[in-house]
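Subject: Structure for you to look at

Hi,

Here is the structure I promised. Please open it first, then read my notes below.

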Amino acid sequence: MTSAAATGLSDADFTRFCDYFYKRTGIHFTASKRYFVDKRIDACIRNSRYDTFASWFAALRTADRGDMVQDLINQLTVNETYFLREDYQFDAMLSTVLPNVLAARGGVGRMTGPVKILSLPCSTGEEPYSIALRLLEEWDQIDHVDVEIHGADIDSDVLAKAAHASYGERSVQRVPKTWLSKYFVAVGSGRYQVDEGIRSAVTLHRVNICDTASMRAFRDFDVVFCRNVLIYFDELSSRRAAENLYGAMRPGGYLFLGHSESMSRISPIFTPTRLPEGLVYQRPSGAK
């Protein structure tokens with residue numbers, strides 16, 4: 001074992017590590033993230049049986065140690081979120097996007113298959129559960145349309161937390177008290193757990209958005225929320241992620257990005273559509 005400061009990455013080590021991590025995940029770290037990366041690598045080494053960066057990195061690259069790779073991914077991914085974050089996009093989903101989806105698919109009672117909604121990355125679950133809450137409380141078609149909600153993330157730790165669905169007061173601060181009473185259970189120490197009915201409405205998956213082979217399991221989504229993740233990718237990885245999202249969506253499907261993200265800077269394959277609540281991107285209706 002070693003202390004947090006004992007790994008002592010050289011500039012060359014940092015560059016080699018960043019190249020490796022980029023090839024595994026598509027996430028690119030620049031020198032400006034040096035402190036963040038060093039601290040997380042130190043944590044990974046402490047969690048392993050290795051004493052130095054060199055021995056740990058050699059094992060990471062050469063041994064079949066999926067546990068080490070996953071620990072590294074979990075340490076280096078950012079998972080800041082809370083319930084009903086940027087909820088103007090949920091407003092758009094309810095007021096414009098879902099009515100358009102139903103109309104495009106033939107209307108209630110005539111469409112085949114469920115309306116499918118994907119939250120990727122879903123982090124600790126606040127986003128897909130927020131979608132479920134908004135649909136249950138505010139969508140007048142929820143009793144007439146079959147809906148599937150899926151959450152996916154590369155980080156196995158946050159997926160475990162999403163499955164448990166227990167949140168502190170900061171996470172639920174924007175949840176109306178009536179919803180908190182109706183859909184959550186107080187579990188002590190200021191924490192609230194999403195009830196079983198809502199938890200069972202969301203299916204969770206582990207996937208790397210830049211891994212095209214893994215992303216092929218995701219198909220025919222009508223609505224995708226992919227917010228605040230593309231900003232961590234370089235040009236090549238962003239384009240690959242966009243293409244994988246495109247493949248996961250039904251023609252005419254809607255893609256929501258984070259407020260600071262723009263698909264037009266990444267790829268021309270989506271069509272930007274201006275809604276009253278803001279910008280959304282669509283897979284062209286006639287696309288194969």
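What percentage of the 288 residues of the protein chain count as buried? The figure is 53%. Bear in mind that this is a predicted model.

Overall fold first. The protein chain has 11 helices and 10 strands. Its radius of gyration is 20 Å, close to the 19 Å from the globule rule for 288 residues, so the chain is as compact as a globular protein of that length. The C-alpha trace spans about 60 × 50 × 30 Å along its principal axes. Among contacts in the chain with a separation of 6 or more, 75% link residues 24 or more positions apart. The accessible surface is about 13,500 Å², and carbon and sulfur atoms hold 49% of that.

Next, strand 10. This strand covers residues 278-282, and four of its five residues are buried, so it is largely enclosed by the rest of the structure. Strand 9 (residues 271-275) runs antiparallel to strand 10, with five bridges joining them. The two form a hairpin with two residues between them. Leu275 stands opposite Gly278 of strand 10. Strand 8 (residues 249-257) also pairs with strand 10, in the antiparallel sense, over two bridges. There, Leu255 has Tyr281 as its bridge partner.

Last, the surface. Val78, Ile231 and Tyr232 make a nonpolar patch of about 260 Å². Tyr232 lies in the loop between strand 7 (221-226) and helix 11 (235-248). Its relative accessible area is 33%, so Tyr232 is partly exposed.

Best wishes

Notes
Residues are numbered from 1 along each chain as its sequence is written. This is a predicted model: local features need pLDDT of at least 70, side-chain atom pairs count only at pLDDT 80 or more; totals for chains, interfaces and linings use all residues. Side-chain values use heavy atoms; hydrogens and water are left out. Patches are made of residues with over 30% relative accessible area and no salt bridge: like charges are joined within 9 Å, nonpolar side chains (Val, Leu, Ile, Met, Phe, Trp, Tyr) within 5 Å. Accessible areas come from the Shrake-Rupley method with a 1.4 Å probe; for residues, only the protein chains shown count as cover. A salt bridge is a side-chain nitrogen of Lys or Arg within 4 Å of a carboxyl oxygen of Asp or Glu. Buried means under 20% relative accessible area, exposed over 50%, partly exposed in between (1.4 Å probe, protein chains only). Two strands pair if DSSP finds at least two bridges between them. The radius of gyration is taken over C-alpha atoms; the globule rule is 2.2 Å times the number of residues to the power 0.38. Contact means heavy atoms within 4.5 Å.
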